[in-house]
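Please read them with the structure open.

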Amino acid sequence: MDILARPFVADEEEPIEYFPHESLGIPLDRMESCFSRFVDEVIERLDRTEPNLEKLWREVLHERQDHDLSFQRQIEATLGYDPEELPEQELRDLVNYPALKGEA
């Protein structure tokens, strides 16, 4: 995954944050594990006051383990759709499109 950091200019109401202007490549599995730890810590800090967040996170973890469902979610996200909003026929056509599966 490529991460592009751009300088952040805060207004008077926001804290100032500085980012270097650079692009870095990070292995996707490392990015996912860091993100997972972050979400786990956020859920823990909320002390279960937001049960929906934990439920949604469990769904994400389940979807990550199901290769076909994970692939579908990637297609939906790439096209800007929320889960299950892409028309079913269009999703079926894309899921079965050889180039998207890495097949020539």
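1. Leaving aside residues up to four places away in sequence, Ile-75 touches Leu-86, Leu-91, Leu-94, Val-95 and Leu-100. The model is a predicted one, and side-chain atom pairs count only at pLDDT 80 or more.

2. Ile-75 also belongs to the largest nonpolar core, together with Phe-71, Leu-86, Leu-91 and Val-95, which gives 5 residues in all. At least two residues of this core come from helix 3 (67-78), and at least two from helix 4 (88-95).

3. On overall layout, the protein contains 4 helices and 2 strands. Along the sequence the order is β-β-α-α-α-α. Of the 104 residues in the protein, 14% are buried. For contacts between residues at least 6 apart in sequence, 17% link residues at least 24 apart.

4. Next, the pairing of helices 3 and 4. Their axes come within 10 Å and cross at roughly 115°, so helix 3 is roughly perpendicular to helix 4. The crossing of helix 3 and helix 4 is right-handed. On the helix 3 side the contact involves Phe-71, Gln-72, Ile-75 and Glu-76, and on the helix 4 side Leu-91, Leu-94 and Val-95. By class, the contact of helix 3 with helix 4 comprises 5 nonpolar residues, 1 polar and 1 charged.

5. Is Glu-76 buried or exposed? Glu-76, a residue of helix 3, has a relative accessible area of 1% and is therefore buried, the cut-off being under 20%. Apart from residues up to four places away in sequence, Glu-76 touches Tyr-81, Asp-82, Pro-83, Glu-84, Leu-86 and Leu-91.

6. Glu-84, one of the residues that Glu-76 touches, sits in the loop between helix 3 and helix 4. Its relative accessibility is 66%, so Glu-84 counts as exposed. The backbone of Glu-84 deserves a look: phi is positive, at about 70°, although the residue is not a glycine.

7. Leu-94 is part of helix 4. With 23% relative accessibility, Leu-94 counts as partly exposed. Leaving out residues up to four places away in sequence, Leu-94 touches Ile-75, Leu-79, Leu-86 and Leu-100. Between the C-alpha atoms of Leu-94 and Glu-76 there are 9.9 Å, and the two residues are 18 apart along the chain.

8. The other pairing to check is that of helix 1 (residues 28-45) with helix 2 (residues 51-65), which pack at an angle of about 155° with their axes 10 Å apart. Helix 1 is therefore roughly antiparallel to helix 2, as the angle is over 145 degrees. The crossing of helix 1 and helix 2 is left-handed.

9. Which residues make the contact of helix 1 and helix 2? Helix 1 contributes Glu-32, Phe-35, Ser-36, Val-39, Asp-40, Val-42 and Ile-43, while helix 2 contributes Leu-53, Glu-54, Trp-57 and Arg-64. Sorted by class, the contact of helix 1 with helix 2 holds 6 nonpolar, 1 polar and 4 charged residues.

Note on methods. Residues numbered from 1 in each chain as written. Heavy atoms only, no water. Core = buried A, V, L, I, M, F, W, Y, C linked by side-chain atoms within 4.5 Å. Buried < 20%, exposed > 50% of the residue type's maximum accessible area, 1.4 Å probe, protein only. Contact = heavy atoms within 4.5 Å. Axes fitted to C-alpha atoms, helices over the stretch in contact; angles between N-to-C directions. Parallel < 35°, antiparallel > 145°, perpendicular 65-115°, else oblique. Left-handed = near helix turned anticlockwise from the far one by under 90°. Nonpolar A, V, L, I, M, F, W, Y, C, P; charged D, E, K, R; others polar.
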